[in-house]
Amino acid sequence: MRAYRVYAIEKGTVIDHIPAGKALKVVEILKLDQFNKIVTVGMNLESKKLVRKDIVKIENKNLSKQELNKIALIAPKVTINIIKNHKVDEKFKIEIPDFMENLVICPNPNCISRNEPTSSKFYKTKEKPLTLKCHYCEKGFKDFKLK
Amino acid sequence: MLAFLGFGKNQRFFPKHLNLVYVFRFMTMGKQPSFLSRDIISVNELSKKDIIRILDVAKIMEKNKKPLLNGKVLATLFFEPSTRTRLSFESSMNKLGGKVIGFRNPNVTSFKKGETLWDAINVIEGYSDVIVIRHPMEGAARLASEAAEVPVINAGDGANQHPTQTLLDLYTIKKSQGKITGLKVAIAGDLKYGRTVHSLAHALGLFNCELFFVSPKSLKMPDYIKDDLKEKQIKFSEHEKVSVVIDEADILYATRIQKERFPDPTEYEKVKNAYVIDSSLLKKVKKNLKIMHPLPRVNEIDISIDESGYAYFFEQAHNGIPVRKAILSLVLGKIK
């Protein structure tokens, strides 16, 4: 019998194969610290694929498209498991979208999107290293902050 | 027609000598890109075909006397100081029979009361048929174009783009050299903050020009522009002295070190006299060399250059009229 270090959930979402050390970042960007249901975080678990991995289990929550896009930006290789009745109902990989709205804060302080009440808009211009281009100031960035 | 295309009775699908590319060219011959109601925000959105069309119309505009824009109103919104861009837009509109409204000092408008750009553009578009905007923030013209139904023309957004300057630069290069394709162009000065050089580098790349970037280390061309050029396989090299490249260049495009873009004035002091172009640099240059500058110059081009036969910056400034007349006529649909 498999010994669970992080216990199974009845219903909700499991974010698996998070690169070791990034689980708390996932918790932060999804604002799970303010979530009033149970969230379980496992860090540095053994993994065949990654050697070490993190995992986040969120009870009674389905992630929105926008939340999945956020995760993709910091950990593009995660696996999402949707759990129903203790069983994996759906399992899928996520990918960084080609266009994202209101997801990233433009790092350019002189960009109009930082100074007017408008949504930020970014295009993915390169996968490796991940480079996003601002729709407004047209600058490309490799480092960025999520909204 | 069917027979000509190779679909006729007893014909091969296409005759041997009739290449598909030529068929396509024949079918699209004479088709011009449409500019009606189009925003002119970034050179990155203009294709080579678009640029050639604008330059061709600019040439027609040199002789045009018809009041093509009679009854049309241009709103010029200048949130930053400007002399040449604003005056040449206003002059172009007047010469074409249109009217101009607008402001050159945002402190006397409702922006002072905290009105957003989005709201202001939504109001102003009801007063005008076309809007020209200069703003200190990057992306402001793009946001304005999203707020407005009427076409918006970017007259400079922070350190980002100044597409009409680029178009008049290209027009000037073509006029002085007879062509753009394949030229060697040295771009010198503030390559970090200079929006004109960012747009120009991209546009010259479309014409397979070889680019020499000359600047002090602290004002080098930003990585995101260089990455873009590399991706498009545009040939460029970086240098610190004009003397290294000037003998090879067909065009020397000098720019001002822009004091107003420096966050730290001591950094400006370090580089303000980084290079001066004077007649001592012109001993072995090509005969066809032309020295351009978007103006205003401070001390980067010595006045001894003005009479050298190589100076071309005043002609360049004058070319703002036919090019801006062309852009206004095209986006307002008076030239198809």
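This is a predicted model: local features need pLDDT of at least 70, side-chain atom pairs count only at pLDDT 80 or more; totals for chains, interfaces and linings use all residues.
Residues are numbered from 1 along each chain as its sequence is written, and chains are lettered from A in the order in which they are written. Local features need pLDDT of at least 70 and side-chain atom pairs count only at pLDDT 80 or more, while totals for chains, interfaces and linings use all residues.

**Chain A**

Select chain A. Its C-alpha atoms fill a box of roughly 55 × 30 × 25 Å along the principal axes. Colour by secondary structure to find two helices and 11 strands; here helices (H or I, at least four residues) and strands (E, at least two) are DSSP runs numbered from the N terminus. Along the sequence they follow the pattern β-α-β-β-α-β-β-β-β-β-β-β-β.

Next select 12-93, which is domain 1, and then 99-146, which is domain 2; such bounds come from an automatic or database domain assignment. The C-alpha centres of these two domains of chain A lie 25 Å apart.

**Where the chains touch**

Show both chains. In the contact region, 16 residues of chain A meet 16 residues of chain B, a contact being two C-beta atoms, placed from the backbone, within 7 Å. The chain A side has six nonpolar, seven polar and three charged residues. Ala, Val, Leu, Ile, Met, Phe, Trp, Tyr, Cys and Pro count as nonpolar, Asp, Glu, Lys and Arg as charged, and the others, Gly among them, as polar.

**Strand β3 of chain B**

Select residues 130-135 of chain B, strand β3, where six of six residues are buried. Buried means 20 or more other C-beta atoms within 10 Å of a residue's own, with C-beta atoms placed from the backbone. In a regular strand the side chains alternate between the two faces of the sheet. On one side of β3(B) are V130(B), V132(B) and R134(B), and on the other I131(B), I133(B) and H135(B).

Two strands pair if DSSP finds at least two bridges between them. F78(B) stands opposite R134(B).

**F213 of chain B**

Finish at F213(B), in strand β6 (residues 210-214). F213(B) counts as buried because 24 other C-beta atoms lie within 10 Å. Beyond its neighbours within four places in sequence, F213(B) has contacts that include I187(B), L191(B) and F236(B).

Notes: A residue is buried if 20 or more other C-beta atoms lie within 10 Å of its own, exposed if 12 or fewer, and partly exposed in between; C-beta atoms are placed from the backbone.
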